[in-house]
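Look at the structure below and follow the chain from one end to the other.

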Amino acid sequence: MKIIIFNKTSRAAQYGIGTYIDMLTDTLSTLHVDIFLINAFSSYKEVCVNKDKKYTCVEIPFIGPENETSKIRYINNIPFILKELISYKHDEKIIFHLNFMDNPTLVTCLRNVFSNCKILLVVHYTHWSFELLGNIHRLNNIINKPTRKRSSLEKEIIYSLKKEVSLMNKVDRIVYVAQHTTTIYSQIVKSHNFKHQVVHNAIKDEYIELKISDKVQLRKQYFISDDEQIILFVGRLDKVKGLEFLIKAFAIALKYNEKLHLLCIGDGDFTEWMQYAKQICTKISFIGKLQRNELMNFYRMADMGIIPSLHEEFGLVTLEMMMNKLPLIVTDQGGLTEIICHGENGLKVPVIYDDNGTYIDPNKLANTILDLAQNKDLRHKLGTNARLTYLSQYAGKDFSHRMEYIYNTI
């Protein structure tokens, strides 16, 4: 069996999808299969093939003008490049594992070149959910609206949705990373139920139990005092991550607890968010994107984690925080609400949808932060239960078994 995994150079690949592919290739490396990782839109200057212990990596650079026509032509030529690079026997099973939903004609081209191949699609995120911040009610309104009455943004959303649906109907199997996505697309995609399966994401266990003295020493390395209460945010600095409401809530919480300090780890333009933090800028640190080992240091020395996303398809950062025994505050959206049980392994705050848009009540979020900050027993309970939930459901064993079953039965 040959499994050919598609990736591409993008911010999504550097964050959630990149972490997913790392876990997937670790899983597949224990099986007797040939693994190929295809990096589309690579920064290499020419097609390059590199082999390591786990897989063969094929780098395919993009050359041409930055427009949709050129990108479609580029994607559709990839199967012909792979045909020259990947040799296979007539009776050998070939599975293409897709992780992006933006080009349904790729499936047609793959089948034309590799006639007996099977194609698996994993739905990590959707275009409409980012544009509409996960507001399914607004999506349904757009779908039901006459074309002539749709705005330019709404027309773009419908266009992207049609491409996604077209792709879904062409593949042999669809894997959703969360149940809520299945529920939404079962109403939209006209395909057979046997094509759909839910396989929650998982991550490798990298937890290290630190003594109090070790935690103090680790904080000293980053000039963080012992009495500061560190609230940790990890993710892209995008609107969908709820940073505006987090900073507003943090400003309210600081009035009652001056020992709080918010650390934001992730890339993006932080100047957009500083407009909400002018009076409290010394209590917020924008650290940028970190290497994995350094990111783990911040997980280990933080007092609580916070994920205030307006929409989150699944949330691998949630698993990383749970793995590291952090008490969590999350929104009640998407995959987050499937992972976290309020009061047991984390706390939830609601996302509000109304005529004014999509938002979080800063006062509600501030009160939740203060409740967690002042209650050591609650932090211990939530952190302990979060770690137990991770170990029982998201440490990788179930993920490995289910993905192996899908590859064998597709």
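What follows describes a predicted model.

**The sheet**

An open sheet is built from 8 strands, in the order S3-S4-S2-S1-S5-S6-S7-S8, with mixed pairing. Strand S3 (48–51) and strand S8 (196–198) stand at its edges; each has a single partner strand, so one side of each is left without a neighbour in the sheet. On average, neighbouring strands are turned by 20° against each other, with direction ignored.

Strand S3 and strand S4 (residues 56–61) run antiparallel and are joined by 4 bridges. One of the contacts between these strands pairs Lys51 with Thr56 in S4 as its bridge partner. S3 and S4 form a hairpin, with 4 residues between them. In contrast, strand S6 (residues 118–123) and strand S7 (residues 173–176) run parallel, and 4 bridges join them. Here Leu120 has Arg173 in S7 as its bridge partner.

Helices pack on this sheet as well. Helix H7 (residues 152–170) touches strand S5 (94–98), S6 and S7, and its direction makes about 140° with that of S6. Helix H8 (residues 179–186) touches S6, S7 and S8, and its direction makes about 130° with that of S7.

**Helix H17**

Helix H17 covers residues 397–409, which is 13 residues. From its first C-alpha to its last it reaches 19 Å, close to the 18 Å expected at 1.5 Å a residue.

Which residues of H17 are buried? They are Phe399, Ser400, Met403, Ile406 and Tyr407. These residues cover an arc of only 135° around the axis, which puts them on the same side of H17. The face turned away from that buried side carries the exposed residues Lys397 and Tyr405. The buried residues of H17 pack against strand S1 (2–8), helix H2 (16–28), S5, S6, S7 and S8.

**Salt bridges**

The count of salt bridges comes to 18. The table lists some of them.

| Pair | Distance between N and O |
|---|---|
| Lys163 and Glu68 | 3.8 Å |
| Glu312 and Lys241 | 3.0 Å |
| Glu320 and Arg292 | 2.5 Å |

In the pair with Glu68, the side chains of Lys163 and Glu68 meet in a salt bridge. Lys163 lies in helix H7 and Glu68 in helix H3 (residues 68–85), so the pair ties together parts that are 95 residues apart in sequence. Lys163 counts as partly exposed, at 21% relative accessibility. Glu68 is partly exposed too, with a relative accessible area of 41%.

The side chains of Glu312 and Lys241 also meet in a salt bridge. Glu312 is in the loop between strand S12 (304–307) and helix H13 (316–323), while Lys241 is in the loop between strand S9 (229–234) and helix H10 (243–254); they are 71 residues apart. Are Glu312 and Lys241 buried or exposed? Both are buried.

Glu320 forms a salt bridge with Arg292. Glu320 lies in helix H13 and Arg292 in helix H12 (residues 292–301), so this pair ties together parts that are 28 residues apart in sequence. Glu320 counts as buried, at 5% relative accessibility, whereas Arg292 is partly exposed, with a relative accessible area of 30%. Elsewhere, salt bridges that share partners join Lys2, Asp34 and Glu92 into one network.

Technical notes
Residues numbered from 1 in each chain as written. Predicted model: local features only at pLDDT ≥ 70, side-chain atom pairs only at ≥ 80, totals over all residues. Heavy atoms only, no water. Pairing = 2+ DSSP bridges. Helix = DSSP H or I, 4+ residues; strand = E, 2+ residues; numbered from the N terminus. Axes fitted to C-alpha atoms, helices over the stretch in contact; angles between N-to-C directions. Contact = heavy atoms within 4.5 Å. Expected span 1.5 Å × (residues − 1). Buried < 20%, exposed > 50% of the residue type's maximum accessible area, 1.4 Å probe, protein only. Arc of directions from axis to C-beta. Salt bridge = Lys/Arg side-chain N within 4 Å of Asp/Glu carboxyl O.
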